[in-house]
Amino acid sequence: MASSRHHHPSSPKTLAQLMLILGIESATLQVGCALGGHEGVLASAHSARGRRHAESIAPQVQFVTQQARVELQEVSCIAVDLGPGLYTGLRVGISSAMAIAYALGVPMIGVSSLDLLAFAVRHSNRLIVTAIDARRSELFYACYRQVPGGIQRVTEPQVGKPHDLITELSATNSEMLLVGDGARRYSEDFACLQKTEIAEQGFAHPSAASLVQLAHARALREEFVKPWELRPIYLRVPDADISQNTHHTP
């Protein structure tokens, strides 16, 4: 009986209902997977195991497909967090997502980690400032405003010291909501800003559920890319040498 939903591929409504998106998110110390589509997010899983992203993704993919009661072969699009974020995590997440997309023969959608952070707090009418811990006493950051149906980025993604962001934000009179693990790590530095609140820990990392939601909206507009067309957002030279020196995996 389940196969009956595949009988009318020409109907746009049916295509939208059939569209299942697997999202893989690994830009920070947290790694997550989610599955969903027209009916919303059907299942999601997140874990924070330091840098052991490679050990987490496959079990999470298996978990969310089981929880959603679908087969992996039913997935019609792979969404992935393109960064900016920690190089090792991004590399593992993007390569895993690409491998699944190649195996299934399905297209992909890439979303910025900063967009994901902002989307999770999209109902705030304040200036949303996303800040991801970039290590080296730096942050990846961007600013957003609420718009009907979601959020709109109002500054380009940047990398800089907390002081750089504070200087930039001090020039605005807007009420601000800072979100991300970078905002929380340097919360004492941001305390000097007026009319500013830092979002709670639950919003500190990009969400795989948000990834699926944003990707579904783009999928309906057919904003797909081929796996080989994906371009990670690093904002600075990847910490490849650092990763190789600290991780001796074959």
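## Helix α4 against helix α8

Contact here means heavy atoms within 4.5 Å. By that criterion, Asp 115, Leu 116, Phe 119 and Ala 120 in α4 meet Ser 210, Leu 211, Gln 213, Leu 214 and Arg 218 in α8. The residues of this contact divide into five nonpolar, two polar and two charged (Ala, Val, Leu, Ile, Met, Phe, Trp, Tyr, Cys and Pro are nonpolar; Asp, Glu, Lys and Arg are charged; the others, Gly among them, are polar).

Helix α4 spans residues 113-120 and α8 residues 208-220; they pack at about 100° with axes 9 Å apart. The two helices are therefore roughly perpendicular to each other (65 to 115 degrees).

## About the model

This is a predicted model, where local features need pLDDT of at least 70 and side-chain atom pairs count only at pLDDT 80 or more, while totals for chains, interfaces and linings use all residues. Residues are numbered from 1 along each chain as its sequence is written, and side-chain values use heavy atoms, leaving out hydrogens and water.

## Salt bridges

The structure holds six salt bridges (a side-chain nitrogen of Lys or Arg within 4 Å of a carboxyl oxygen of Asp or Glu). One of them joins Asp 115 and Arg 153, at 3.5 Å from N to O. This pair links helix α4 to strand β8, 38 residues apart. Asp 115 is buried at 10% relative accessible area, and Arg 153 is partly exposed at 35% (buried is under 20%, exposed over 50%, partly exposed in between, with a 1.4 Å probe and protein chains only). Asp 115, Arg 153 and Arg 218 are linked in a salt-bridge network.

Key: Axes fitted to C-alpha atoms, helices over the stretch in contact; angles between N-to-C directions. Helix = DSSP H or I, 4+ residues; strand = E, 2+ residues; numbered from the N terminus. Parallel < 35°, antiparallel > 145°, perpendicular 65-115°, else oblique.
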